[in-house]
Amino acid sequence: MLSYKHGFHAGNHADVLKHIVLIYLYNLSKKHCKSMTYIDTHSGNGIYKYSSRYMDKTKEYKYGIKKIEKYTGDNKLIINYLRILKKITKNDTFYPGSPFIISNISEAKDKLFLCEMHSNEFKSLKINLTNFNNVKLINSSGFEYINKISNINNNFFIFIDPSYEIKDDNIEIKFERAKILIWYPILSYPENDIFIETIRKKGISNILNLELPILKDDDNRGMKGSGLLIINFNNKLIFKNLKLLIRELNAYLTDSNEVFKPKVRYF
Ligand SMILES: C[S@@+](CC[C@H](N)C(=O)[O-])C[C@H]1O[C@@H](n2cnc3c(N)ncnc32)[C@H](O)[C@@H]1O
């Protein structure tokens, strides 16, 4: 039985980081392939209302999107993300999840496969995405779904954003050619170092890793920060742009100067 509800966390610092990078990499991937196949293995419901009892309870968005929505700097990735959010949320009553963002920026020829295992979340996802004809919704495990596909190639972009509720969420990456973006939480810095070491030992080549610490390790407010694993995007410009991005997000979202420095590195 899954109990995770993304509504409690929507629009927080982790969503800001992951959605900025997701939009950037999605658009970049499209430039290099004629027909894009995009898979969101853990979609959530797509639309999170600020007035819902979930968002209203935790108000995590106040330390995420609300800290950056009036951004006046010159970082192109942040500017583009905010421009897209403004366009698709119109009257600013909700924060858009990854399926809603990508459906809105996709073209009719892009094929989107969106998995959500939780039946209530899936029902809402179906309602929230009725207007999109290039979308196929799958009410089962995203991990099982990608494992069944035999013809994965470099026209595939897979976004893996689990809730890390169960042990199986420790990702096994089997696709050598697909472009993959994986999000993970930093719950404690020592445990995170072990997690990263385990990934490094898997010997997967071509991994770019980003980490944005937000809170100090002794802060008891929950998740300390989050990270991304970016696989098969080998490009000096991406590295440079992500370095600029993380520096800027660090300045806007980080809680204090004593927090660990953000990281951008290749394994
Ligand atoms: C972190 S949330 C997704 C947020 C979304 N990707 C976004 O950026 O807006 C994770 C979601 O995965 C769902 N979930 C958990 N395990 C799953 C699985 N094995 N396959 C598909 N969905 C799963 C949860 O119900 C939850 O809605």
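The paragraphs below go through the sheet, the core and the ligand surroundings of a predicted model. Local features are given only where pLDDT is at least 70 and side-chain atom pairs only at pLDDT 80 or more, while totals for chains, interfaces and linings use all residues. Residues are numbered from 1 along each chain as its sequence is written.

Strands here are DSSP runs of E with at least two residues, helices are runs of H or I with at least four, and both are numbered from the N terminus. Two strands count as paired if DSSP finds at least two bridges between them. Contact means C-beta atoms, placed from the backbone, within 7 Å.

Strand β9 (residues 225-231) is joined to β7 (residues 179-186) by 7 bridges, and the two run antiparallel. W183 has L228 of β9 as its bridge partner, and I180 stands opposite I231. Strand β8 (residues 207-213) is also antiparallel to β9, with 7 bridges between them; here N209 stands opposite L229. Because 7 of the 7 residues of β9 are buried, the strand is largely enclosed by the rest of the structure. A residue is buried if 20 or more other C-beta atoms lie within 10 Å of its own, exposed if 12 or fewer, and partly exposed in between, with C-beta atoms placed from the backbone. G225, G227, L229 and I231 point one way from β9, and S226, L228 and I230 the other way.

L228 also belongs to the largest nonpolar core, which has 64 residues; L228, I20, I158 and L181 have the most contacts inside it. Such a core is a set of buried Ala, Val, Leu, Ile, Met, Phe, Trp, Tyr and Cys residues joined through C-beta atoms within 7 Å. Helix α1 (residues 13-32) gives the most to this core, with 10 residues. Leaving out residues up to four places away in sequence, I158 touches I39, T41, I146, F175, A178 and I180.

Of the 22 residues around the ligand, H42, G44, G97, S98 and H118 come nearest; a residue is near a molecule or strand if its C-beta atom, placed from the backbone, lies within 6 Å of it.

Conventions
Contact = placed C-beta atoms within 7 Å.
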